Amino acid sequence: SAHALLQQLIKYDYVKLSADSDRLYERGAALALLSSKSNANLDLVRTARPILRELSAQVGENTFLGMCHSRGVSYVDSVEDIYGLTMRFPMGTLRPLHASSTGKLFLAMHATPDTLSTYLGTEPLAAFTGQTITDVVVLRDQLGEIRQTGLALNREEVVEGACGISAPIFDANQRFVGCLTVGVPQVRFDARQAIIKKSVVASVQ
């Protein structure tokens, strides 16, 4: 069993045969890359935590840190304000690509008109609420706006009564690595979205 597992690790370059013996193994290049990615993710959470707190205090709403994966974005940390909308999003689960502000931000940063279907699949887009965008043409137009403004909105598209505003986080090489999101109840979204947008943009700069 151990030998079979090692063969799989060798296949993906996590380990390799030692140059000194064909019965010894050592770390492969992919394992070092995986370790560096893990450390980078931990650094992002540590760096963003005080920013989440400050942003939450400024806008009086719940704030979330989203981390980018190959298939989307998931929340990895959050700060809840006492006046914020009571929502429980499981940490680590991918947010809906076509409906959440984080998911649409991911599509805007990664998908082109030719590759959008690769991320969305071939099935009709699921409607979570009556506000969910299920028309791909409308979604494409919205993604173009997100690329221009650098902000993605969710207007009750996943949960009725819940809205969100997300701004992207880029690393030193200008790669999209995550996002900051503010959750806002619909009842105060229209009145407060301008100031929240300004605060979110300032927080990721």
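A: The protein chain contains 6 helices and 7 strands; helices (H or I, at least four residues) and strands (E, at least two) are DSSP runs, numbered from the N terminus. Along the sequence, these elements follow the pattern α-β-β-α-β-β-α-α-α-β-β-β-α. The model is a predicted one, in which local features need pLDDT of at least 70 and side-chain atom pairs count only at pLDDT 80 or more, while totals for chains, interfaces and linings use all residues. Residues are numbered from 1 along each chain as its sequence is written, and side-chain values use heavy atoms, with hydrogens and water left out. Of the 205 residues in the protein chain, 40% are buried, where buried means under 20% relative accessible area, exposed over 50% and partly exposed in between (1.4 Å probe, protein chains only).

The sheet itself comes next. It is an open sheet of 5 strands in the order S4-S3-S7-S6-S5, with antiparallel pairing; two strands pair if DSSP finds at least two bridges between them. S4 and S5 stand at the edges with a single partner strand each, so one side of each has no neighbour in the sheet. From one strand to the next, the twist averages 25 degrees, based on axes that are lines fitted to C-alpha atoms, for helices over the stretch in contact, with angles running from 0 to 180 degrees between N-to-C directions.

Strand S3 is joined to S4 by 7 bridges, and the two run antiparallel. A hairpin of 2 residues leads from S3 to S4. Within this pairing, Gly66 stands opposite Tyr75 of S4. S3 is also joined to strand S7 (residues 176-185) by 6 bridges, again in an antiparallel manner, and there Asn62 has Gly183 in S7 as its bridge partner. Although S4 is an edge strand, S4 is mostly covered, with 6 of its 8 residues buried.

The whole structure holds 3 aromatic pairs; rings of Phe, Tyr and Trp (its six-membered ring) pair if their centres lie within 6.5 Å, and planes under 30 degrees apart count as stacked, over 60 as edge-to-face and the rest as tilted. One of the pairs is formed by Phe64 and Tyr75, which is stacked because the ring centres are 4.7 Å apart and the planes lie at 25 degrees. This pair links distant parts of the chain, with Phe64 in strand S3 (residues 62-69) and Tyr75 in strand S4 (residues 72-79), 11 residues apart. Phe64 has 6% relative accessibility and therefore counts as buried; Tyr75, at 4%, also counts as buried.

H5 provides the largest share of the lining, 4 residues. In total 13 residues line the pocket, and Gln142, Glu145, Leu151, Ala152 and Leu153 lie nearest its centre. Helix H5 also contains Val137, which counts as exposed because its relative accessibility is 53%.

Methods: On a 1 Å grid over the protein atoms alone, a cavity is a set of points where a 1.4 Å probe fits but cannot get out, and a pocket is an open set with protein on both sides within 12 Å along at least five of seven lines; lining residues have an atom within 4 Å of a point.
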